[in-house]
Amino acid sequence: MNSKIGVYICHCGGNISDYVNVEEVKSAIADEEGVFLAKTTMFACSDATQKEMVEDIKTNELDGLVVASCSPKLHLVTFRAVAERAELNKYNYVHANIREQVSWAHSDDKAGATAKAIQLVKSAIAKVRLAHSLDPIVIPSKKAVAVIGAGVAGMRAAIELADMDCPVTLIEREHFVGGRVSQWDILFTTNQTGKELVTRLYDAIISRENITLLTGAEVVASSGSIGDYTLRVKTTPRYINEMCDPGNLQKAIDACPVEVPDEFNFNITARKAIYHNFPSEYPQYPVIDIKNCTRCGECEKICKSVDFSQEGKLVDIKVGSILMATGFDPYTPSDGEFGYGQFGNVITLPQFKRLVDINDATLKYRGQVIKNIAYIYCVGSRQIEGSESSTGEETRGDGNIASHDISGDNRYCSRYCCTSVIHAAIEASRKFHGLNNYHFTRGIRTYGKQELLYSESLKNGDIYLQSYEDDPPVVYLENGDTMVKINDIMTGRQEVSVKADLVVLVTGMVPRADNSVGSLFKIPKGRDNFFNEIHMKLRPVETVIDGITIAGACQGPKNITESVSSALSAATKSFSYVSKGELELEPIIAVIDGDLCSWCGLCAEACPFDAISMVTKGTKEIAGINNSICKGCGMCLPVCPVNAINLTAYSDRELESMIDALAEQMK
Amino acid sequence: MSLPEKRNARILVFSTEKISDPAIDMAGLLKLHYPPTVYTIAVPCSSGIKPRWIIRAYEKGFDGVFIAADGSDCTYGETCTEKTGQIVSRTHQIMKEKKIDPARLRMAAICSVCSEAFVKQIKSFNQYLLQSLSTSS
């Protein structure tokens with residue numbers, strides 16, 4: 001039994017100590033049996049405190065360690081490493097979660113939170129008193145990674161993994177790679193186009209033999225866990241054979257009588273049922289949109305490459321880790337939001353960028369030449385809780401007033417949109433002469449080098465007006481003209497009105513509408529509904545699902561540079577799970593008490609891994625555990641009629657001592 | 001004048017390290033409040049909980065025990081739900097023999113993102129236990 005235990009209680013800055021009286025916790029546990037020293041610390045995870053712990057353990061020959069701080073999902077590994085550096089077996093360390101399950105959960109009840117923290121720390125002390133040294137179990141880990149999503153983040157991650165000599169399966173739901181970036185024209189700061197960037201990445205991918213690219217492919221089932229995932233991938237056919245004549249294919253596209261809204265251009269144009277989004281798109285074979293195809297046969301008459309006999313396939317892929325890079329959707333304004341869907345000349349920023357790209361000499365929308373453009377910022381971002389001051393519609397004589405309701409659930413700033421719209425306005429002015437740009441902002445957030453764009457925009461003569469969230473701009477009709485008015489706070493809330501040929505709603509990023517693949521893996525989401533990392537700063541690409549990492553805008557709004565940075569980080573993390581070909585697992589296994597056991601077989605029936613078999617001990621037949629197969633689930637424990645099975649680190653003594661400690665003051 | 005102490009039931013939660021405990025963590029992250037008299041012990045899998053641990057909790061003064069089960073998400077196998085259900089049934093039997101209200105033991109599958117479901121379940125359980133305890137006292 002451990003009798004020289006060190007206990008460290010963390011303030012976590014104020015995350016814990018703002019709600020839990022950590023000094024009171026320290027006083028309450030200092031005299032517990034076995035506690036040799038008890039300390040509070042501002043940040044238990046800081047280098048200085050870790051060094052102090054190592055020093056304390058060595059100097060005082062501590063045989064047990066308790067750290068009461070954030071969730072063990074975040075820092076269990078950190079403090080186990082501290083124990084190891086101090087030459088203390090890491091299984092003599094026990095973690096008490098007094099942040100996620102105390103200070104944050106009970107920030108409404110400080111006394112209650114402190115009382116709970118005391119009992120949780122006592123419970124951890126009770127467990128560590130009974131802890132003993134263990135060696136980890138080693139399992140094989142498949143050296144392969146699945147990257148889901150072939151946008152810029154996913155493609156860059158796949159290249160990075162391939163260059164680390166790791167086989168990669170890159171899975172893309174669409175039939176073309178590149179994601180959102182392929183929809184963008186000139187990019188800041190490189191001045192290359194989105195298509196050029198995607199082409200460069202695609203070339204890099206096809207030149208690497210250890211990357212398998214699956215397009216039109218979707219993960220429909222998953223089994224296994226870290227080191228040994230099996231993904232079932234469903235591929236949908238393109239209905240075009242790979243060997244095809246480009247000239248005939250274009251004729252086939254021209255002959256197709258079906259026209260549907262073109263999602264690539266955010267529905268401002270139409271496309272055929274046989275289509276490719278742009279000529280140099282990769283892979284360079286068109287696709288037949290089978291949902292909209294009428295099977296009229298016109299394309300088949302012209303092009304022999306059309307093949308309706310192709311069928312979808314189910315493929316099983318085995319990998320050790322999964323990297324999610326599923327991207328984002330642009331926010332779609334609701335009907336009437338700043339005139340969207342209500343006035344014909346109100347569009348979103350993604351639509352505007354496509355409009356600038358596809359127009360040549362003159363900027364036109366729906367046949368009208370555009371000169372005056374009003375950009376309304378923060379649409380679908382930085383939303384506020386509903387209130388009378390921020391919602392509703394003004395009453396005017398003509399009745400043509402668009403809603404300026406900015407209430408909603410998207411409280412976050414989408415970060416990229418200020419830069420993106422200013423860049424789009426500059427590029428539009430460069431391409432089409434005589435444009436007048438009016439920016440209706442809620443403050444400009446062109447952070448870092450992007451400030452250069454804001455400066456350039458001002459030099460170009462763009463007009464910037466600003467309002468607070470309680471008084472957003474209003475879109476309305478006046479004598480048949482679309483007007484935007486604002487009470488501009490830069491001029492003492494003077495009312496300024498602008499006649500706009502085109503109103504551009506600067507929409508932010510939202511999570512993918514169809515995020516079923518995330519639900520499949522049960523990846524937690526944050527308050528913004530994007531995938532949630534374990535810790536923004538300390539474990540920024542890991543999820544609580546072992547072996548699954550996240551990258552790019554599926555995690556939250558990011559620009560291309562930030563997406564690629566997170567992709568490289570996630571690739572490195574995923575590689576760390578598979579690089580050695582084996583993983584160290586917890587040495588948590590079932591242990592049989594040979595004196596109590598007299599083989600009945602119930603435990604073997606309960607074990608889902610066939611890890612239990614009958615063995616002979618002397619003249620007695622008892623259950624034997626195969627340590628290399630046992631996964632430590634504990635399913636055999638409750639079925640034993642004589643209670644002859646315990647789980648290491650979860651024995652009756654340990655669990656019941658914890659229960660006793662938690663219940664200490666209840667009776 | 002001091003405010004009267006808020007009364008809550010004392011509940012022991014058995015969570016699972018990979019599935020339901022992350023959901024309980026996320027409830028804190030999302031500032032979804034529940035009574036501070038709810039204490040959690042995490043185990044690898046809900047189908048490995050021994051009835052004697054549950055009975056121990058009642059004997060030591062807990063008003064209720066809540067099993068935040070893996071459900072169909074269990075990484076150890078599809079039989080988890082069924083086996084956890086069997087543990088609850090056996091424990092209910094023991095509770096009856098010991099004259100403990102079986103309704104003081106509840107189980108629900110809590111997936112790794114089911115934070116709101118967890119808080120809802122716990123609040124409902126807390127209400128039941130408070131009513132039950134006030135009736136019996």
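This is a predicted model: local features need pLDDT of at least 70, side-chain atom pairs count only at pLDDT 80 or more; totals for chains, interfaces and linings use all residues.
Me: What makes β32(A) and β33(A) a pair of strands?

Reply: Two strands pair if DSSP finds at least two bridges between them. Strand β32 (residues 612-617) of chain A and strand β33 (residues 620-625) of chain A are joined by six bridges, in the antiparallel sense.

Me: Why is Tyr577(A) called buried?

Reply: A residue is buried if 20 or more other C-beta atoms lie within 10 Å of its own. Tyr577(A) has 23 C-beta neighbours inside 10 Å, and therefore it counts as buried. Its place is in helix α14 (residues 560-578) of chain A. Leaving aside residues up to four places away in sequence, Tyr577(A) touches Ser141(A), Ile226(A), Gly227(A), Gly320(A), Ser321(A), Gly547(A) and Leu583(A).

Me: How much of chain A counts as buried?

Reply: Of its 667 residues, 48% count as buried.

Me: How do you know what span to expect of helix α7(A)?

Reply: The expected span is 1.5 Å times one less than the number of residues. Helix α7 (residues 194-206) of chain A has 13 residues, and its reach of 18 Å from first C-alpha to last is close to the expected 18 Å.

Me: Why may the buried residues of α7(A) be said to line one face of the helix?

Reply: The buried residues of α7(A) are Gly194(A), Lys195(A), Leu197(A), Val198(A), Leu201(A), Tyr202(A) and Ile205(A). Seen down the helix axis, they fall within an arc of 160 degrees, so they line one face. An α-helix has 3.6 residues a turn, so residues three or four places apart point the same way. On the other side of α7(A), Arg200(A) and Asp203(A) are exposed.

Me: Which elements do the buried residues of α7(A) pack against?

Reply: They pack against α6 (152-163), β7 (168-171) and β8 (211-214) of chain A.

Me: What makes up the side of chain A that touches chain B?

Reply: The contact takes 45 residues from chain A and 42 residues from chain B. On the side of chain A, the elements that give two or more residues are α4 (99-103), α5 (110-129) and α16 (652-662). The largest share, seven residues, comes from α16(A). The residues of this side divide into 23 nonpolar, nine polar and 13 charged.

Me: Which domains are assigned to chain A?

Reply: The assignment gives domain 1 (5-133), domain 2 (145-236 + 312-327 + 512-582), domain 3 (246-302), domain 4 (329-510) and domain 5 (589-647). Taken over C-alpha atoms, the centres of domain 1 and domain 2 of chain A are separated by 36 Å.

Note on methods: Residues are numbered from 1 along each chain as its sequence is written. Chains are lettered from A and ligands numbered from 1 in the order in which they are written. Helices (H or I, at least four residues) and strands (E, at least two) are DSSP runs, numbered from the N terminus. A residue is buried if 20 or more other C-beta atoms lie within 10 Å of its own, exposed if 12 or fewer, and partly exposed in between; C-beta atoms are placed from the backbone. The arc is that of the directions from the helix axis to the C-beta atoms. Two residues are in contact if their C-beta atoms, placed from the backbone, lie within 7 Å. Ala, Val, Leu, Ile, Met, Phe, Trp, Tyr, Cys and Pro count as nonpolar, Asp, Glu, Lys and Arg as charged, and the others, Gly among them, as polar. Domain bounds come from an automatic or database domain assignment.
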